[in-house]
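Here are my notes for our discussion. Please read them with the structure open.

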Amino acid sequence: MSATDDGGFRGLAETLSSIARTLQAEPDVDTTLRAIVKAAADYIPGAEYAGISLAESGKIRTVAPTSAIVETIDKLQYDLREGPCVDAIKERQTYRTGDVRDEPRWRAFGPAAAENGIHSLLSYRLFVTDRTLGALNLYSSRAHAFDEHTEQDGRLFATHAAIALVGAQREAQLGIAIENRDVISTAKGILMERHDLDAAAAFRMLVEASQSTNVKLHHAATWLVENRHAR
């Protein structure tokens, strides 16, 4: 490794460390997503726009786009069921284009993207272990905007972004779990006082109400808490 390469590596490491600390400090999933795409557009050479395609329940949706053109290009991919972000999620790989207009892999999507002013795309699968979270997508109006070196640097960034994203999602899930536990506990207390029950009997009553009305347990508990003063 030459001195120049070594200096570039240290610069990259410092940049990634700074980004990782910034993302770790974000308070929720939405804010984390916005931080990811902003840092990607600022950091990765050639990127004019950025966005994330989240894979949820068998569907893909665009979140935190830096421009309306991101949503337009992504919708083309979702509707046509082809394109770099769709394949990055499905095939678990990174996809980079030269001039998407002439891209043989996506004969319908490529010309459509070019007609909307986007000629280069770079999509990274976002994952932790075997779980695919979605794809980090970069866009440019210039053809051949991303080279192999850029792709390698961006892959390191995508790794940091995936770790930060899954951490934010776990925090959000934990918050929901705690909130649900608290409302169920409050509902049990209401039933115990109203019907002179012990905790186990109150919980069984809440479960039976949930099953008979075909609603989730925490929804039944929330309804009871919100309507506790009604006759």
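Predicted model: local features only at pLDDT ≥ 70, side-chain atom pairs only at ≥ 80, totals over all residues.

The points below take up the strands and then the salt bridges.

1. Strand 4 and its cover. Strand 4 spans residues 120-128. The strand is mostly covered, with seven of its nine residues buried.

2. Pairing with strand 3. Strand 3 covers residues 95-96. Two bridges connect strand 3 to strand 4, and the two run antiparallel. Arg96 has Leu122 of strand 4 as its bridge partner. Arg96 comes back in point 7, this time for its side chain.

3. Pairing with strand 5. Strand 5 takes in residues 131-140. Nine bridges link strand 4 and strand 5, again in antiparallel fashion. Which residue of strand 5 stands opposite Tyr124? Leu136 does. Strand 4 and strand 5 form a hairpin with two residues between the strands. In that hairpin, Thr129 adopts a positive phi near 55°.

4. Side chains of opposite charge can pair when their charged atoms come close. The count is seven salt bridges, taking a nitrogen-to-oxygen cut-off of within 4 Å. One of them joins the side chains of Glu56 and Arg61, at 2.6 Å from N to O. Is this pair buried, exposed or in between? Glu56 is partly exposed, at 35% relative accessibility. Arg61 is also partly exposed, at 42%.

5. A pair within helix 3. Lys75 makes a salt bridge with Asp79, and their closest N and O atoms are 2.7 Å apart. How many residues apart are the two in helix 3? Lys75 and Asp79 are four residues apart in helix 3 (residues 68-80), so about one helical turn separates them. Asp79 is exposed, because its relative accessible area of 52% is over 50%.

6. A link from helix 6 to strand 3. The side chains of Glu151 and Arg96 form a salt bridge, 2.6 Å from N to O. Glu151 belongs to helix 6 (residues 148-195) and Arg96 to strand 3, so the pair ties together parts that lie 55 residues apart in sequence. Glu151 is buried, because its 12% relative accessibility is under 20%. Arg96 is partly exposed, at 29%. Arg155 also takes part: Arg96, Glu151 and Arg155 are linked in a network of salt bridges.

7. Where to look again. I would revisit Arg96. Its bridge partner in strand 4 is Leu122, while the side chain of Arg96 meets that of Glu151 in a salt bridge.

Technical notes
Residues numbered from 1 in each chain as written. Heavy atoms only, no water. Buried < 20%, exposed > 50% of the residue type's maximum accessible area, 1.4 Å probe, protein only. Pairing = 2+ DSSP bridges.
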